[in-house]
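I opened a new notebook page for this structure. My plan was to look up a few things and write each one down.

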Amino acid sequence: MNDLALSLGWLGLYAPMALGAIGSMIGCSLAGQAAIGAMLETESGHGKYLGVSVMPSSQLIYGIVVMFTLNREITEATAPGVFGIGLLAGLALMASAIFQGKACASAINASKAKPDIFGLSLAPSAIVEGFAVFAFIFALVISAGIPGS
């Protein structure tokens, strides 16, 4: 049982970074594909399409920071807290990045057809980013209660 608890603690330590990276990869891929399609159909605005397509990468940065915040000696006392916070924060970051990628792809497609709504079309992407920030901040705050911090 001790080995299982310690293993779960290590899993929780790396989960925010790994799951944030997976979500960012998927989200950037979705938005990037929309950006490439928009570039084929338009003569200008290519830079803004590419800029929007990297928005989901911020969840990886949040995951790295949470991982470093959770980094401490993994013991029977710390493993459950590190596992719970790390796994749940990682899942939230992954889902946020994927859905932000979908929102970014929609924004690119909408602004391709109607360039004057570019700024407004980014609002859903920003709202999804806000949920990632909530998960990030709460993971940092709650991790302070784990022994050994």
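**Entry 1: nonpolar cores**

I began with the largest nonpolar core, which has 15 residues, and found that Val66, Leu70 and Val82 touch the most other members. A nonpolar core is a set of buried Ala, Val, Leu, Ile, Met, Phe, Trp, Tyr and Cys residues joined through side-chain atoms within 4.5 Å. Buried means under 20% relative accessible area, exposed means over 50%, and partly exposed lies in between (1.4 Å probe, protein chains only). This is a predicted model, where local features need pLDDT of at least 70, side-chain atom pairs count only at pLDDT 80 or more, and totals for chains, interfaces and linings use all residues. Residues are numbered from 1 along each chain as its sequence is written, and side-chain values use heavy atoms, with hydrogens and water left out.

Which helices supply at least two residues each of this core? I noted helix H3 (58–70), helix H4 (79–113) and H6. Helices are DSSP runs (H or I, at least four residues), strands are too (E, at least two), and both are numbered from the N terminus. H4 gives the most to this core, with five residues. I also found a second, separate core of twelve residues, including Ala31 and Ile108.

Next I checked the contacts of Val82. Contact means heavy atoms within 4.5 Å. Leaving aside neighbours within four places in sequence, Val82 is in contact with Gly9, Gly12, Leu13, Leu70, Arg72, Ile74, Leu87 and Ile146.

**Entry 2: H3 against H4**

I looked up how these two helices pack. The angle between H3 and H4 is about 175°, and their axes are 9 Å apart. Axes are lines fitted to C-alpha atoms, for helices over the stretch in contact, and angles run from 0 to 180 degrees between N-to-C directions. H3 and H4 are therefore roughly antiparallel to each other. That word applies to angles over 145 degrees; under 35 is roughly parallel, 65 to 115 roughly perpendicular, and the rest oblique. The contact includes Tyr62, Val66 and Leu70 of H3, and Val82, Ala89 and Leu93 of H4.

**Entry 3: two residues of H6**

Helix H6 covers residues 123–143, and Ser125 is in it. Is Ser125 buried or exposed? I found it buried, with a relative accessible area of 0%. Beyond four places in sequence, Ser125 is in contact with Met55, Gln100, Ala103 and Cys104. Ser125 and Ala79 are 46 residues apart in sequence and 34 Å apart in space, C-alpha to C-alpha.

Leu140 is partly exposed, at 25% relative accessible area. Not counting residues up to four places away, Leu140 touches Val65, Val66 and Thr69.

**Entry 4: cysteines**

How many disulfides does the whole structure hold? My search found zero. A disulfide is a pair of cysteine sulfur atoms within 2.5 Å. Cys28 is partly exposed, at 21%, whereas Cys104 is buried, at 0%.

**Entry 5: the UniProt record**

I turned to the record last. UniProt, in an unreviewed entry, places "transmembrane region" at residues 49–70, 82–101 and 121–146. Its positions use the numbering here, feature names are shortened, and annotations may be inferred rather than shown by experiment. In the model, residues 49–70 are 82% helix and 0% strand, with end C-alpha atoms 35 Å apart. Residues 121–146 are 85% helix and 0% strand, with end C-alpha atoms 40 Å apart.
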